[in-house]
Protein chains: 2
Amino acid sequence: MNNPRIRRYFPSVLLSVLLAALLILPAAADEGMWLFNRPPKDILQKRYGFTVTPEFMDHLRLASISFGGASGSFISPDGLVLTNHHVGRGAVQNLSTKDRDLMKTGFYARTRAEELKVPGMELRVLHAIEDVTDTVLGAEKPGMTPVEAADARQKVFAALEKETAETSGLRGVVVTLYSGGMYHLYKYKLHGDVRLVFAPEYLAAFFGGDPDNFTYPRYDLDICLFRIYENGQPFKSDHYIRWSAEGVAEGDLVLCSGHPGSTGRLLSTSQLEFLRDTSYPFNIANLTRRQAYMRAYAAKGEEEKRIADRNLFGIENSLKATTGYQSGLLDKTLMERKLREEEALRAEVRKNPELEKEFGSAWDEIAAAEKAYASFFKPLAFFDRANGFYTTYFTIARNLIRLAMEKPKPNADRLREFRDASLPSIERGILSPAPIYDEFEILKLGDSLTQLKEELAGMQEVKWILGDRSPRDVARELVTGTKLKDVEHRKKLMAGGLEAIFQCQDPMIKLALVVDPVSRGLRAKYEKQVEAVETRNGTLIAKAMFALKGTSIPPDATGSLRLSFGAVKGYIENGKKIPFQTTYAGLYEKSAKAGNKDPYELPESFLKKKAAVKMSTPINFVSTADSIGGNSGSPLVNRKGEFVGVLFDGNIQSLPTRFVYEDTVSRSVIVHAQGIIEALLKIYGAKPLVDEILGKK
Amino acid sequence: MNNPRIRRYFPSVLLSVLLAALLILPAAADEGMWLFNRPPKDILQKRYGFTVTPEFMDHLRLASISFGGASGSFISPDGLVLTNHHVGRGAVQNLSTKDRDLMKTGFYARTRAEELKVPGMELRVLHAIEDVTDTVLGAEKPGMTPVEAADARQKVFAALEKETAETSGLRGVVVTLYSGGMYHLYKYKLHGDVRLVFAPEYLAAFFGGDPDNFTYPRYDLDICLFRIYENGQPFKSDHYIRWSAEGVAEGDLVLCSGHPGSTGRLLSTSQLEFLRDTSYPFNIANLTRRQAYMRAYAAKGEEEKRIADRNLFGIENSLKATTGYQSGLLDKTLMERKLREEEALRAEVRKNPELEKEFGSAWDEIAAAEKAYASFFKPLAFFDRANGFYTTYFTIARNLIRLAMEKPKPNADRLREFRDASLPSIERGILSPAPIYDEFEILKLGDSLTQLKEELAGMQEVKWILGDRSPRDVARELVTGTKLKDVEHRKKLMAGGLEAIFQCQDPMIKLALVVDPVSRGLRAKYEKQVEAVETRNGTLIAKAMFALKGTSIPPDATGSLRLSFGAVKGYIENGKKIPFQTTYAGLYEKSAKAGNKDPYELPESFLKKKAAVKMSTPINFVSTADSIGGNSGSPLVNRKGEFVGVLFDGNIQSLPTRFVYEDTVSRSVIVHAQGIIEALLKIYGAKPLVDEILGKK
C-alpha cells in the first residue's frame, strides 16, 4: 500500500477501520481486469502458484496492441500482428471492392509485396504507465464545485498529455480509474502503417453467424493477421509472443492481455437503474431498428449484402451484448445483491462519523444526477451522440467543423477528444479513403432522421432540418448533395479552417453546423450535471472502498490495457457438461448436419481441404478469465508466456458479468493456437506464415 | 513634412518628383475635414488671416463630443451638452411612453433633479491623438499577402487599444486614414451617465419635416440639451465653448468641430462605380421599402406614429442622403471628372518607373476586388449586415452570441467590434432598457424576412428559417416567442457565456445561431477579398499621392473628430439669391402660409408666445464649411472660439460633396446661437438654462 494519495486522504485515525475491514469482500475467484502496474500477484501465487515477475509483465505489455476498442498482439519479430477477424473486419471490408470481396474470398499475401496497406488504421502499443493521481487530485482545490474540479482535472490531463508528446514523442492518455479514485498516465507508441497479411473467409471466421454469436460450443477461425511497418520496412521488435508448442489442458492457468472496454461493477445502483430504465432500452430499440432495415437491405443482393455487412455485424454484436447486459440488470437477484452490497458499504461508512461526513452523501448525489440525466438523455443521444444523423458523412462533417473550432483554442480548453494528443487520429479519420456507399448512407440517415422526427419533433433544430418534408427526401438530398465523398475536398476544408467551413456550401457541413450549438449545449449539460457529479462522488465512493477494503478490488474496465487470468475449464449447462474445447471434427460435423447451409456454411477451401485436416485438432476453447467487449483479439498466454489462443467472444452467460463477475458458467471463448496453425498450414497452404509464427526461419 | 513614414517609403531619388508636383491639386477652396493634429494652418492663414494655435485646437477638441455617429459640444462648465434634436431623438423617444410623449410635448428639466437619465447612452471626448503609423505599418512584413497584412495590423490595433486602456483608462481606437496611408490612435474618455435637460417639441425641431430635410432656407430649432454626470454630480470642466454675444455676418469665418462619418473623395473610380451600381441601388430600394411600411404603420394611430417615428426619421434621412449621393454618382460630369483625375494621377505614376513599379497596379487590383464584392454583396447585406433580420431583438441576440463566442478568444483574434476596448459598449447595448414594441418588431422582421425570401430563397439557411411558411408568421413566432424582452434574461444569458447560449431555447437566439456561421463566412470573404485589397491598394494610392502632392490633401472622413472651416455665405439658386440667414419672422410666415398644417405646423408654445418673440432674431444660417452625415450637432465657433451655432443639415446640393467638394451652391445648415437663446428665453421660459449657457451665474 504505497499509494501516497491514500495516505493523504486517510489520516491515521482511519487506519484501524481500514485494517479491520481489509479482508471484507476481496475480488472473487478469477475475477478482475487488473492494472499492468498492479498485477494480482498474491492471488496468482495463492490460487495458481504462479509468480508474476516485472519482466513477464513488461514483455506482455509491449507485445500487446490496442486496436482502439479491441486488442491484438505481436506474434513475430517482424511486426506480425494477430487479432480477430471481426476486429480486422473494417479493414478487410475497406480493402474490398465490388469485384474483390475479401470478406468472401479471404486474403493471403504470399509475399510481403502483396500485403495491403489499410486505409486509416492506427495501432498503439503501451510503452509506459505513470501514476499521476497526486498531480491530478492536487489540481482540485477545496471548495471547488464538481464542475470546477472537472475543469481543473481536464487542464492537468491536457498538460500531461502535451508534456508526454513533447518529452517522449509518445501519445499520452490519462486513464481515470475507480471513477476518479486513481489516475494513471498511459504512454502509447502509435503505428500508422498497417498492412493486411491474412484473413480467412468470413464463413470460416464467423461460422454460426449471429445465432451462434455469444454462445459456446463454437468452431470459429476468428483470426486476422496484419503487419506493422515503419519507414517502409516491417517493424522489428523482440517483444512478441512466442507460440506454444503444446495445447492447453483443463485446469491450466491462462493469462489474458487486452483492452476490456467498460464494466460497471463499481457503479452505484442508481447508475445501474439508469442503464436499465433509460440507456439500454433506448440502445436496444435503436439497434433493433437498424438491424431490421439493414437485413432488409442486405437481402436485396450480393453487393447490398457486402455493404450492409460492414455495419450489420457490429450492430448485431452490440445488440446481443446489450441485451445480455440488460438481462443481468433485469435479473432481480443480481440487482438485489447490488443493492445489498451498496447498503453494506453505506452502513460501514455510516458507522464512522468521519467517513460519514466525507462520503455519506455520495450515493444520493449520484442518484440525483441520474434523474437529471434521464430528463435530457434523448436529445443528448440524438444530437450530441449523433443518433439522429447516422451517416459516415455526418461524422466527417462534424469532425471537420469541430476540428476547425477547437484547434485554435488552448489545448486545455478544447472538447476533450480534440486535444493535441488526439488530433492526428481525428485528422486521419477525416481523410480516410475508406469507401462510402451513398444508397446505404441515405438509408441510414433517412431512418435516423425519421426516428429524430418521431422522438423530438418539437425541437427548433428538428423543424429546421426537416420542415414538412419526408426525412428520407431530406436524407437523399443531403447525401447526394455532399461533396465530402471527395477526400481532396475534405483535405481542402481541413486546411482552410473555420473560414473555409463557414464559406462552404456543402449541405452536410451546413447540417453539422446547425446541429452543433444545441449538441454542445446538451453535452455541457451532461458533463456538468451528470459526469462531473458521477466522478466527484464516484471518487468519494472509491475512497470509502479503499478505506474499508484497501485496493484489493480491481478497477472497472476503461478501455485501457488490463491483465486477467483464469483456468481453462468447461462447465455445466442445463445439466449437460460442456467440454472445455472443440475440434475440427465438431466443426465439420455441425456444418454437415445443417446441410452446409447458412449460418453453418463452410467456405470452399474448408470443404476442398477437408481430407488434409487432422480432425482431433482443437479449434476453440473456453476459460474463466474475465473479459468483456474490447477484449476481442486479446492474446492468451500460458505460464511460460507462450501464445495459446486469441480471445474472440464470451458465452451468453458471461454478459451479465459486466456488473457482477461469476465463474460457474460464465466463460471467455478463445481460438486455439493449434487450430490456427492447422488451418494456415492444411487449408490455406500458408507455410511461410506458419514458419514465421513458429520461428522456424 | 515631418512624417517619418513618408521619408521611409520615398527615398531621396523621388524627392524631385515630389517637389515638382507639390503644388498640383491642393485642397480646393474651403474643402476639407482636417485632422485635429494636422490643422490647415497655412490655408486658414492665407484665406482668412486666421492663426490657429495649439491651445485653440486643444480646447476645441476637449469641448467636442462624439455621440457615436453624430456630434455635440460642452457649452457650460457644469457638463451641459448641446447637440441636435435629431441626434438626441432616440433618447427622447426611449424616455417617452404611451402617456408621456416627449417628442410631442418637448421636455425641460427646471431643476437638476428633474433631468432624466438616458438608458444606454454613452458619449466620448477625445483626450489625445497619437500618430502610430510607423508601429502599424511596421507590423507588415515584405511578402505578406493583403490578408496577412490585415491580420498583422489588426493585432497591432488590438495591442494599442489594450495598452491605452491599461495605461490611461481611456478607450483607444486606431483610426485608419488615407485608406491606410496613415494611422492615428485616438484616446477617448467615456461618459456613461447622460441626462436629458431640454428638448423642444418635435414640430419645432423638425419644422418642414421630411420635405424640407436637406433643403434651405430652413427654420428649425433642431437642438437638444443633455448633461453629463460623473459620480452622481454634474461633470465639471473648463473645456466648454463660451457663447458668442454677437451674431454672424456674411463672409465671417466659422470653424466646425465634429465627426463627419464618411466621404469618398479619395476612392478610386471602381469603388465609386460599385457604390453607384450595387450598394446604393440596394440601400435606396431597401430604405424606400421600410419607409413605405412604416408610414403605413404610423398612419394607424397616435401611438403607432410615436413608435414608427423612432425609426422613420432615420430611414427618411438616410434615404434622402443616399439618393443625394447617388445623384452625384449618376452625374456624368462628376464621374468624368473623377475618371480624369484618377487617370492624371496614374499618368504621373506611369511616368516614373519606380513609382509605376510600386503603385502601378493598385487601381486594377481594387477594380477586381469590387467586381468580386458585387458577386456576394446581397448575401452579405442580408446575413452579416442583418438586413434579412431587421429587429432589435436580433441585434441583441447576435451580440449576445458573438460576445460569448469572441470574449474567450485572445483580444487580437476577435471580430474587431468585440475587442476589449469595445466590450463595455456592447454590454451596455445588450442590457439597454430602451422599450421595444412587439407589433412593430414583427412588422420590421416580417418584411425583412419577406425580402430575404424574395432575394435568396435558394440559400440553405433561408430554407431552414422559412421553410414553406409565411415570413410574417415566422416573424410573429420569433418576436412573440423570445424572452429577450426581459433585460434580466439578457443579463443571465450574458453571464452564462456560450454554454448558457447553447442551452437556451429562445427562438431569437436560435435564429442568431443558425445565421452566424454563414454570416461569418461572408464577412471573412469580404474582409479578405475586398477590404484587405482595398486597404492595401488604397494605401499604395495614398502613398503615390503623398509622393506627388504631399499631404496637402485632407483625408476622407472616417467618423473621427475633424475640423472644417468656411465662410458664412448665401448663394444663388435658379437665379435667385438665397440669403445667408433666416429669422423667426420667416418661420411664422411660412407656417401661416401653410395654414399651420403638417409639415409646417408650429407647436402650441410657439403660437402662444409669438408676441414675445423678436421677429428679426436669426434662427438658421448657412456656411461653406465642409460637412457630411455625422457632423450633425457639431458646434460652429467664430475666430474667438465662441459658439455661433450648431450644424444640423446640409442643403440638397451638398450631398454630392461626399465625392467632390464644391462651394458655389453647397452649404452646411446651422441653428443660429441667437435663435437658440431667443427660443429658450421667450418661448420656453428657460431662464436658468440661458443663464448657465451665457455664464451669468
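Author: On the face of H23(B) turned away from its buried side, the exposed residues are B:Ala592 and B:Lys593. The model is predicted: local features need pLDDT of at least 70 and side-chain atom pairs count only at pLDDT 80 or more, while totals for chains, interfaces and linings use all residues. Residues are numbered from 1 along each chain as its sequence is written, and chains are lettered from A and ligands numbered from 1 in the order in which they are written.

Helix H23 of chain B spans residues 584–593, and its buried residues are B:Tyr584, B:Leu587 and B:Ser591. A residue is buried if 20 or more other C-beta atoms, placed from the backbone, lie within 10 Å of its own, exposed if 12 or fewer do, and partly exposed in between. Helices (H or I, at least four residues) and strands (E, at least two) are DSSP runs, numbered from the N terminus. Viewed down the axis of H23(B), the buried residues fall within an arc of 55° and so line one face of the helix; the arc is that of the directions from the helix axis to the C-beta atoms. An α-helix has 3.6 residues a turn, so residues three or four places apart point the same way. The buried residues of H23(B) pack against strand E17 (581–583), strand E18 (618–623) and helix H25 (673–683) of chain B, where contact requires C-beta atoms, placed from the backbone, within 7 Å. Just after H23(B), B:Gly595 has a positive phi of about 65°.

Elsewhere in chain B, positive phi also occurs in residues that are not glycine. Phi of B:Ala386 is near 65°, in the loop between helix H15 (362–384) and helix H16 (392–406); B:Ala386 is partly exposed, with 17 other C-beta atoms within 10 Å. B:Asn574 has a positive phi of about 50° and sits in the loop between strand E15 (571–573) and strand E16 (576–578). B:Asn574 counts as exposed, with 5 C-beta neighbours inside 10 Å.

In chain A, the loop between helix H23 (584–593) and helix H24 (604–608) holds A:Pro599. The peptide bond from A:Asp598 to A:Pro599 is cis, omega being near 5°. Most residues other than glycine have a negative phi, and most peptide bonds are trans.

Turning to the chains together, 17 residues from chain A and 17 residues from chain B form the contact. On the chain A side, H22(A) gives the largest share, 10 residues. H22(A) and helix H21 (residues 487–503) of chain B pack at an angle of about 110°, with axes 7 Å apart; axes are lines fitted to C-alpha atoms, for helices over the stretch in contact, and angles run from 0 to 180 degrees between N-to-C directions. H22(A) and H21(B) are therefore roughly perpendicular, since angles of 65 to 115 degrees count as such, those under 35 as roughly parallel, those over 145 as roughly antiparallel and the rest as oblique. Among the residues making this contact are A:Arg520 and A:Lys525 of H22(A) and B:Glu499 of H21(B).

Terms used. Two residues are in contact if their C-beta atoms, placed from the backbone, lie within 7 Å.
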